[in-house]
Amino acid sequence: MKPILLWSDGLVFLLVIALVLFFYKLREDPQTRTRWAQVFSSKLGMVAFTVIMTYVGIALLDSLHFRRALDAPEGMQTNEVFYDNKVTSVFDVLTGGMGERFERTYSAPFALISFEKKNTVDEQGNSVRDFPPLKYAGLDLADPGDKWSDILSKSMAPLGWGLLLSGLLIGVQWLFLRRGLFPWHASWVTQAIVICTAVWLVSISKHYHVLGTDKGGADVLFQSLKGIRTGVLLGTLATLVMLPIAVTLGVTAGYFKGWVDDVVQYLYTTLSSIPGILLIAASVLLFQVYIDLNPDFFSIGMEKADARFVALCFILGVTSWSTLCRLIRAETLKISQLGYVQAAHAFGVSHTRILSRHILPNLVHIILITFVLDFSALVLAEAVLSYIGVGIDPSMGSWGNMINGARAELSREPAIWWTLSGAFFFMFVIVLAANLFSDLVRDAFDPRTRLGGDDA
Amino acid sequence: MNQPTMNNSGASDIRMRVNDLEVCLTGSNEKIIKGISFELQAGKIFALVGESGSGKSVTSMAAMRLLPDALKITAGAVEAMGVDLFNLSEARMQEVRGRKVAMIFQNAMTALNPVQTVGQQVAETLKLHTALRNSSLRARVVELFTEVGIPEPDSRFNFYPHELSGGQQQRIMIAMALACEPEVLIADEPTTALDVTIQEQVLDLIQELTRTRQLAVLLITHDMGVVRHVADEVAVMYHGEIIERASVHEFFHNPQQEYSKRLIDALPDLSKFHHERSQEPLLTVEGVKVHFPIRQGVLQRVVDYTRAVDGVSLTIGRAETYALVGESGSGKSTLGRAILNLEEIAGGEVRFKGQAVQGISRSEMLPLRKKIQVIFQNPFSSMNPRLTIGEIISEGMISLGLGLTASEREAKTASLLERVQLTSEFSRRYPHELSGGQLQRVAIARALAVEPELIICDEPTSALDVSIRAEVLDLLQELQREFGVSYLFITHDLSIVPTLAHHVGVMQSGKIVEQGSAEQILTNPQHPYTKALLASVPRVDED
Amino acid sequence: MFAYIVRRLLYAIPILIGVNLLTFTLFFVVNSPDDMAVSQLGAKYVTPEAIQNWKVKNGYDKPLFLNSEEGGVGTITDTIFFTKSVKLFAFDFGRSESGRDITSDISVRMWPSLAVALPTFLVGIWVNICVALMVVMFHATRLDRWTVFVFVGLMSISYLFYIIGGQYMVAKTWRLVPISGFDAQGQVWKFLILPVLVGVIAGIGAGARWYRTLFLEEANQDYVRTARAKGCSEITILFRHILPNALIPILTGVVVLIPTLFMGSLLIESFFGIPGLGSYMLDAIRSQDFAIVRSMVFIGSILYITGLILTDISYTWADPRVRLN
Amino acid sequence: MKLHVRMVFEAIVLSLCVLALSSCSKDPWNNPNPANPKGLVTYQSVISPAPPKHLDPVISYATDESIFIMQIYEPLLGYHFLKRPYELQPLAAESMPEVTYLDTEGNSIALGEGEIAFTRYTLRVRKDEHFQPHPSFAKNASGEPLYLFSSAEEGQQYKTVPDFPETGSRPVTANDYAYQIKRLADPVNISPMLGFMSQHIVGMSELSRELGDVERDGWLNLNDYDLTGVEVVDDQTLVITIKKNYPQFVYWLSMHFFAPVAPEVDRFYKNPGFAQRNLTLDWWPVGSGPFMLVKNDPNTEIILERNPNFREDYYPSEGAPGDAEAGYLDDAGKRLPFIDRAVYRLEKEVLPLWTKFLQGYYDRSGEVHANTNGFFDQAFVVGPEGLEAAPELADHGITVSIDVKPSLYYYGFNMRDPVLGGYTDEKRKLRKALQIAFNAEEYINIFYKGNGIVAQSPLPPGIPGYFPGKAGTNPQVYDWVDGKRERKSIEHAKALLVEAGYPNGRDARTGEPLKIFIDVQSQAISNPMMNWMDRQFAQIGVQVEYRPADWNRTREKYLTGNTQIFSHGWLADYPDPENFLFLLHSPESPLVCKCDGTNNANYASDEYDEAFRAMRIMPPGPERDVEVAKMVKLFQDDAVWLYAFTPKEIYLNNAWVYNTKRHGIDKGTLKYIRLDAEMRARKQAEWNQPVTWPLYAGALLVFALLVPGVTAYRRRQRATAR
């Protein structure tokens with residue numbers, strides 16, 4: 001086994017570390033603490049947070065990549081170990097090989113037979129054209145009629161294990177958190193549901209394809225799950241990438257005013273006046289050309305796909321940079337008129353110190369709100385970009401690619417609905433959770449939207 | 001309109017009666033109003049006095065059933081003209097509001113709909129409750145405008161609120177309230193947002209209308225001067241209860257409660273003055289001008305200047321207080337900022353101990369920053385909410401390089417906090433945990449931390465309640481005696497001048513129209529503007 | 001006001017130059033003129049002469065930004081960037097790489113775009129305002145919270161699903177309207193129902209939620225309390241006081257979009273087969289037709305800047321407090 | 001209250017409107033086609049996914065453009081509609097060309113008599129061949145062209161060709177054909193054929209150079225320039241001289257590059273200002289074919305109408321075996337064309353296209369769908385027993401036309417690659433192992449629904465030299481077992497790998513796993529495909545990496561030989577083995593010719609080259625077959641390609657469309673199509689009755705949503721403070 005750190009993996013773990021440090025630092029600030037407390041004091045917030053954390057957790061597990069070592073070649077003496085060119089992640093291992101059970105082609109959820117006929121030779125040697133049975137579905141079944149009772153009986157044990165596991169986890173949390181002010185029970189219920197579902201899915205997928213298979217016979221559920229990493233990383237990294245630019249330029253423009261302000265305003269007006277989709281398309285193509293011209297930089301295919309993915313994050317970040325920059329500039333202008341900045345001037349505090357101690361900390365809420373608001377927008381944008389053809393590399397699982405590949409499947413009679421539904425469901429859940437959560441965060445942090453009667 | 005409300009049965013004509021009113025927070029059932037009762041009589045002004053948070057505004061809103069969703073009425077009754085308002089359906093209640101009971105609010109600027117003309121807004125009330133329409137409606141509105149003293153009432157009909165001055169806006173509010181000849185008028189801090197000279201006029205208007213129309217008025221205010229000026233009866237509210245109730249005369253001459261006394265003491269005493277002590281000039285301001293350019297046209301050329309400060313000269317001596325008095329927009333704060341070198345000076349010069357303050361670089365300015373400090377008006381915005389009090393106070397020590405170690409700074413912070421009557425443990429707290437008065441003390445401590453010789457106090461007490469205001473002013477004086485600092489005291493409120501200032505300058509439209517010793521200005525004003533300002537200062541010894 | 005607009009227009013010039021510079025850089029790094037020639041000439045029997053001919057014919061035979069061979073002004077003027085940009089500023093978009101006149105294409109395609117985008121825009125705003133007003137009516141009840149939840153749910157669905165779902169249900173399964181197409185002469189409305197419906201429904205979640213926030217924000221203003229104290233009914237307050245005030249941010253928020261309506265919607269147009277500018281742009285991206293992309297970027301920028309100016313003007317119109325300068 | 005009353009009211013009015021509409025019109029609501037003129041039989045078809053870019057017969061070189069050009073223009077020769085193998089026949093020519101061979105001196109010699117320096121083709125244009133009515137032929141009273149303008153303003157009022165009120169026509173002459181060949185030579189037109197034809201037609205490159213140097217303003221009369229190899233003898237006779245012997249040249253004469261273009265037309269479109277309104281030959285073709293263009297809006301639709309001047313033409317009375325049974329001979333001897341009008345609507349998305357086809361609004365599922373083939377597979381399954389449609393579609397009577405074009409899609413090995421290339425025994429075995437591991441039959445079954453024929457040689461079906469059955473089986477990859485072709489086992493592949501020095505896919509010397517690289521155009525590969533290929537090669541322990549790139553980058557890789565396994569496709573211009581076997585001719589290698597050669601495998605075999613050069617100039621016959629077989633054997637032994645297949649394109653026709661047989665090469669088949677318009681109208685109405693309950697449900701839903709609002713308001717109004 002050889003661990004692989006893809007660019008996006010590195011960035012996302014960097015982001016996690018940064019976030020942890022950030023919250024550790026903020027912990028001391030009582031005002032921020034009360035605001036977070038406000039977010040978490042709602043049950044909805046707890047549930048949404050738990051769902052988001054589940055997705056993030058999966059994304060992180062799916063970001064721990066490694067290459068499997070190949071067995072030593074027979075009859076050869078070599079100390080060198082060689083590795084598979086397929087990159088595997090810890091998440092792949094945890095799903096119990098869900099992604100390795102390929103069928104021939106389409107099959108419906110929980111189906112026992114393929115969705116398409118095939119010429120086969122029966123025992124009498126006659127050529128028959130019929131729906132062939134699936135390789136990895138209902139193998140223990142004697143009679144196809146018992147399918148549902150079989151599914152039911154196979155669900156019992158994993159559900160039990162799931163309950164046990166969640167019971168343990170929740171028990172530990174209960175010990176520490178029972179005295180807290182927050183509605184943890186809402187989170188616990190969600191956690192229990194998530195854990196039970198996860199255990200059930202992993203175990204039942206050994207016997208059935210829960211969401212069927214796609215054209216190439218790959219498990220749709222597994223693909224949808226792989227989409228999680230792409231979605232979550234895109235949603236966070238794009239913002240992460242643009243933050244430094246937007247904050248630096250916005251703050252300098254708002255604080256120093258004058259020609260700096262003019263230049264920054266010119267920059268973002270120019271950028272935002274270009275139709276976004278054209279800018280993104282052009283940049284993605286640009287990077288694709290770079291990758292094509294330098295194939296030697298990427299030793300395995302996954303790295304190439306990953307490079308394009310990181311580039312897409314960059315591009316989305318840069319193109320959406322202007323909105324945040326404008327907000328930050330306006331807020332900086334406002335803050336620099338406030339008494340405490342004036343007072344700092346009167347005390348002769350240096351510019352750097354004013355910026356770092358007085359202005360930046362008071363912009364954090366804007367950055368935070370942008371971060372959570374942009375998340376869902378970016379996840380949704382990915383699907384559209386894939387449709388236009390400038391999205392994620394097709395070899396990397398993503399909901400956008402799934403939707404793009406599957407939109408014609410509906411026109412088939414009978415329609416193939418599961419690929420689309422799988423992508424839709426997983427995407428909808430995270431976007432919904434993120435939207436709900438961002439609503440709460442905004443209510444708590446944005447003084448403008450805090451409405452008196454709203455939370456009554 | 002012939003209104004038969006002229007009922008001269010005197011004191012017995014009770015228009016509204018509030019009985020054991022209780023209001024709670026919806027979520028926590030915490031009582032905001034703890035069972036209060038009073039009644040309003042025709043032709044009388046009943047003043048409900050209290051500081052912010054005492055529940056006086058909630059009382060008035062509860063009476064109108066206009067409480068926000070976060071508050072609810074839990075007990076009591078409000079009767080108006082014999083009808084229990086709390087038993088009416090919401091639809092019926094709408095007929096009472098504006099028709100029987102009308103209300104005017106504190107800030108007319110925001111209380112008027114910004115996108116409707118003032119005429120329309122007054123007409124709307126009439127449309128709701130009377131049969132007047134079209135030209136007769138308009139005529140009635142113009143009539144009302146005339147009555148409340150709006151000049152050129154006919155053309156003002158089509159003005160938007162922002163095109164009128166603050167005083168006129170409040171007059172429009174009054175016209176709107178009186179449009180349907182209500183029996184009861186509730187005035188919630190009607191003059192707080194106005195400059196003193198205007199305040200006087202509006203109060204006179206209310207008083208006059210009360211008499212002529214035999215209104216029953218509930219006047220809600222925190223300003224004892226206002227009470228003294230117009231009210232017939234007064235009730236003091238404290239933490240949701242009425243702690244004292246008496247006629248105005250009785251109240252001012254013989255207050256029963258300690259709290260009431262404190263409120264009354266806050267009124268200025270124009271008999272005692274500080275006398276000039278030192279002649280050694282610390283700060284000289286010579287013909288200082290601050291101009292803001294007005295740009296126009298395609299190329300944004302500067303066509304003219306707003307002359308915010310237009311040739312001001314003054315001198316402040318050591319350990320002396322110079323009060324700069326003027327109404328909002330007179331340029332007094334800009335002058336303060338110019339002295340601090342936070343604003344560029346277009347002409348003249350500022351000299352501190354003979355050294356020119358303007359036109360020097362940021363680093364050259366540093367030694368002077370130690371000597372000149374500032375206290376701002378709003379204590380909440382002048383403290384970074386993300387720093388602790390300790391950090392806020394020590395910031396100046398660090399940046400101005402006092403050369404102290406961390407522990408020395410801590411010790412100094414602690415002693416400063418104690419000096420401003422706070423405890424040293426405050427240094428670990430955050431600004432939002434402190435009250436306005438405490439914050440202003442912190443601001444004083446922060447200014448003192450670098451051992452300045454001059455502190456520019458920009459309206460340091462205008463955001464504070466009266467009882468706290470006195471404490472802060474006392475503290476400032478004490479410190480002056482102790483450390484020998486000088487103050488440039490910028491204020492709109494002439495009433496605090498006698499307790500504080502040695503010198504007074506009156507500023508109007510960027511110019512000082514009159515200056516002299518405190519006694520001279522307050523007892524023998526020369527300039528008509530000073531006279532007008534002085535006339536509107538409420539005094540205890542009136543009558 | 002006039003001076004203000006003139007100044008804004010002058011300010012647009014450097015922005016447009018910047019935009020142009022950026023598009024040029026991006027596209028020429030991706031596609032050298034040779035690449036463009038090859039893409040247009042097809043895969044079989046391409047000779048270097050043919051590539052050279054194509055470059056000469058389409059004006060790509062010069063250096064990109066700097067012509068070192070030409071002296072003086074020619075260093076800058078005798079380049080692809082300069083010659084192509086100057087034409088853009090004169091609104092001469094030239095020919096697409098496949099040889100069609102872009103100006104005439106755009107002028108034809110603009111109207112179908114507008115035919116879809118404008119009704120979607122207007123009906124969308126109308127529906128959103130109606131829905132938001134209704135929600136505000138019963139605000140702070142359980143129902144209100146559920147509606148907000150539904151709004152967020154609607155927002156969380158990808159636009160693609162609205163389109164695919166709409167086509168599948170309304171047109172394919174129920175056969176109520178044509179599934180796609182456009183007929184400029186005949187019954188245009190028949191083809192507009194579904195795209196407009198999809199566009200409006202897809203926008204309800206975000207739109208109505210935003211408007212609800214605006215309405216509630218206004219509902220907490222002092223003048224609303226004044227209106228209550230006057231004895232206005234809830235309905236009157238909503239329509240005569242809250243709505244006109246809330247319309248200011250709504251109006252100014254949407255005015256910036258009005259000029260961009262001409263650009264159409266990429267997705268709606270390509271899914272519903274509407275021959276507008278949105279699908280024009282998408283085709284241009286896919287076939288990497290630089291001449292079209294450049295023109296569309298230019299037009300897009302102009303429309304965006306127009307939108308900004310219109311926003312400012314609409315402020316003065318909607319809000320008596322605002323004066324331009 | 002006003003609000004709610006109004007909204008309820010509006011909802012009711014809206015639903016009433018919809019209901020009213022439903023009751024007053026009998027037509028289906030969802031008809032997407034604009035009304036057609038009454039009395040004209042109109043064929044409804046589709047352009048998908050992109051509109052044609054060029055309709056100028058010298059510029060266009062794409063199938064989706066040919067389907068228009070070939071209806072409008074009529075070249076001298078064409079293919080027989082029904083006969084297979086493909087057979088050339090005269091079209092605008094009176095007969096097949098007379099061929100004479102010349103030596104260097106210009107003397108006529110017989111075949112095989114000596115070295116042939118030139119070949120001369122003599123053709124005679126039919127007398128009844130006339131151009132379609134067109135304004136460029138309109139003349140004023142004095143016989144001068146009516147529409148000749150000196151400035152852009154003069155012709156401003158004409159936006160499209162149908163705007164011109166006057167039209168004219170004239171017979172087609174030999175000069176019109178010569179004029180077109182000169183246009184081919186004109187570098188301004190950037191014809192894709194210029195380079196290729198310059199190698200053959202005498203004097204072409206010289207003329208091209210000459211024309212390139214001409215300063216021009218507006219129209220350049222090409223009649224003023226001579227092309228040595230093209231001679232107009234009289235109005236009817238055209239003589240074309242080509243260099244050496246190139247028997248395949250006759251096939252080129254059936255393509256639109258050799259369609260007639262009148263000089264008047266060329267001059268007409270060069271009128272000042274016309275180009276700015278897209279009035280060009282590229283957008284408004286003028287020909288003598290069965291149809292003419294009346295509307296060209298590539299954004300929505302292209303409309304053809306019957307050319308009133310079209311010559312007498314009749315439906316063929318002979319066909320291939322089975323055609324009579326299929327009904328393809330029912331119309332034998334009838335006057336062509338059958339339809340009056342053809343409307344092609346642009347359709348970019350697949351769901352709408354298929355839905356409209358199923359609803360009966362499109363007569364056929366498409367015209368050319370090399371691009372939509374993949375989508376098509378998802379809509380229906382066409383198995384060996386024909387269409388396997390869902391029950392609800394079974395009664396639609398849809399017929400299937402299968403089109404096997406002379407084309408190949410293949411993955412080739414770069415023979416110069418250090419790992420996979422080379423001609424040693426080990427390398428051959430390595431490639432063969434990979435060939436066996438890649439189960440091409442399964443690949444086609446999964447990704448093409450079985451609609452493809454796995455190639456055994458570089459020759460697809462329909463080309464002489466292709467054989468079905470055992471004779472045509474590649475013995476290196478397949479065994480012939482019990483009368484069936486059977487792919488050799490994975491064990492065999494593994495054994496080959498051992499011999500090649502890669503036991504279990506590991507380098508025998510270092511132990512390093514063998515990793516192969518596939519260079520492919522990004523659009524041509526999807527994630528399921530990559531997954532599938534990974535699994536195929538994993539069976540023999542080989543790892544795969546993909547290097548997808550756009551066309552320009554892929555082309556660069558070809559030019560520099562920087563590939564290992566590359567994907568490519570070839571659609572033949574004419575049905576001759578030469579057009580396929582040259583794909584492996586060593587001078588065609590991009591590295592050799594320093595051009596966009598077609599031998600991307602960089603295959604170089606002297607034996608092969610020799611056989612190819614001999615075969616190229618031989619007339620069809622057994623001798624030629626021997627040479628072809630020799631080359632096929634070399635191809636199989638050297639294992640040059642990983643796999644190849646010929647796609648079977650499936651077209652569906654609604655029941656009312658007749659004579660739908662596909663021609664793999666010729667696109668000018670619209671004139672044979674016949675329609676039963678009455679049946680179409682009936683079926684459309686039958687299939688498209690709208691489902692109206694959702695409308696009521698929707699109205700009800702809106703109403704239901706209003707109720708809680710109204711109640712909440714009512715409750716609030718009634719509330720007291722107690």
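Start with domain 2 and domain 3 of chain D: their centres, taken over C-alpha atoms, are 39 Å apart. This is a predicted model, where local features need pLDDT of at least 70, side-chain atom pairs count only at pLDDT 80 or more, and totals for chains, interfaces and linings use all residues. Residues are numbered from 1 along each chain as its sequence is written, while chains are lettered from A and ligands numbered from 1 in the order in which they are written.

**Stop 1: the domains of chain D**

Select 75-280 for domain 2 and 407-647 for domain 3. Domain 1 takes two segments, 2-29 and 690-721. These bounds come from an automatic or database domain assignment. Now look between domains 2 and 3 of chain D. Seven residues of domain 2 are in contact with eight of domain 3. Contact here means that two C-beta atoms, placed from the backbone, lie within 7 Å. On the domain 2 side, four residues are nonpolar, two are polar and one is charged. Nonpolar covers Ala, Val, Leu, Ile, Met, Phe, Trp, Tyr, Cys and Pro; charged covers Asp, Glu, Lys and Arg; the others, Gly among them, are polar.

**Stop 2: chain D as a whole**

Chain D has 21 helices and 24 strands. Helices (H or I, at least four residues) and strands (E, at least two) are DSSP runs, numbered from the N terminus. Of the 722 residues in chain D, 45% are buried. A residue is buried if 20 or more other C-beta atoms lie within 10 Å of its own, exposed if 12 or fewer, and partly exposed in between; C-beta atoms are placed from the backbone. Take the contacts in chain D between residues at least 6 apart in sequence: 73% of them join residues at least 24 apart.

**Stop 3: a sheet in chain D**

Select strands β4 to β8 of chain D. They form an open sheet of five strands in the order β5-β4-β6-β8-β7, with antiparallel pairing. Strands pair if DSSP finds at least two bridges between them. The edges are β5 (108-109) and β7 (230-232) of chain D, each pairing on one side only. Next, pick β6 (118-124) and β8 (237-243) of chain D. Seven bridges join this antiparallel pair. Which residue in β8(D) is the bridge partner of Thr122(D)? Val239(D) is.

**Stop 4: Asp331(D)**

Move to the loop between β10 (301-306) and β11 of chain D, where Asp331(D) lies. Is Asp331(D) buried, exposed or partly exposed? Asp331(D) is partly exposed, because 18 other C-beta atoms lie within 10 Å. Leaving out residues up to four places away in sequence, Asp331(D) touches Tyr315(D), Asn659(D) and Arg674(D). Asp331(D) and Tyr86(D) are 245 residues apart in sequence and 20 Å apart in space, C-alpha to C-alpha.

**Stop 5: where chain D meets chain C**

Show chains C and D together. Their contact takes 54 residues from chain D and 50 from chain C. On the chain D side, the elements that give two or more residues are α1 (2-24), α4 (194-198), β11 (341-346), α8 (350-358), α15 (551-560) and α21 (693-718). The largest share, six residues, comes from α21(D). Colour the chain D side by class: 30 nonpolar, 12 polar and 12 charged.

**Stop 6**

**Stop 7: the domains of chain B**

Stay on chain B. Select 42-57 + 89-265 for domain 1 and 281-353 + 366-535 for domain 2. Their C-alpha centres lie 34 Å apart. The contact takes 10 residues from domain 1 of chain B and nine from domain 2 of chain B. On the domain 1 side, α8 (196-213) and α11 (258-265) of chain B each supply at least two residues. The most, three residues, come from α11(B). By class, the domain 1 side has three nonpolar, three polar and four charged residues.

**Stop 8: helix α5 of chain A**

Finish with residues 147-177 of chain A. This helix, α5(A), has 31 residues and reaches 43 Å from its first C-alpha to its last, close to the 45 Å expected. The expected span is 1.5 Å times one less than the number of residues. Centre on Met156(A), where α5(A) bends by about 25°. The bend is the angle between axes fitted to the seven residues ending there and the seven starting there. A proline, Pro158(A), follows within four residues. The buried residues of α5(A) are Pro158(A), Gly162(A) and Ser166(A). They pack against α6 (184-204) of chain A.
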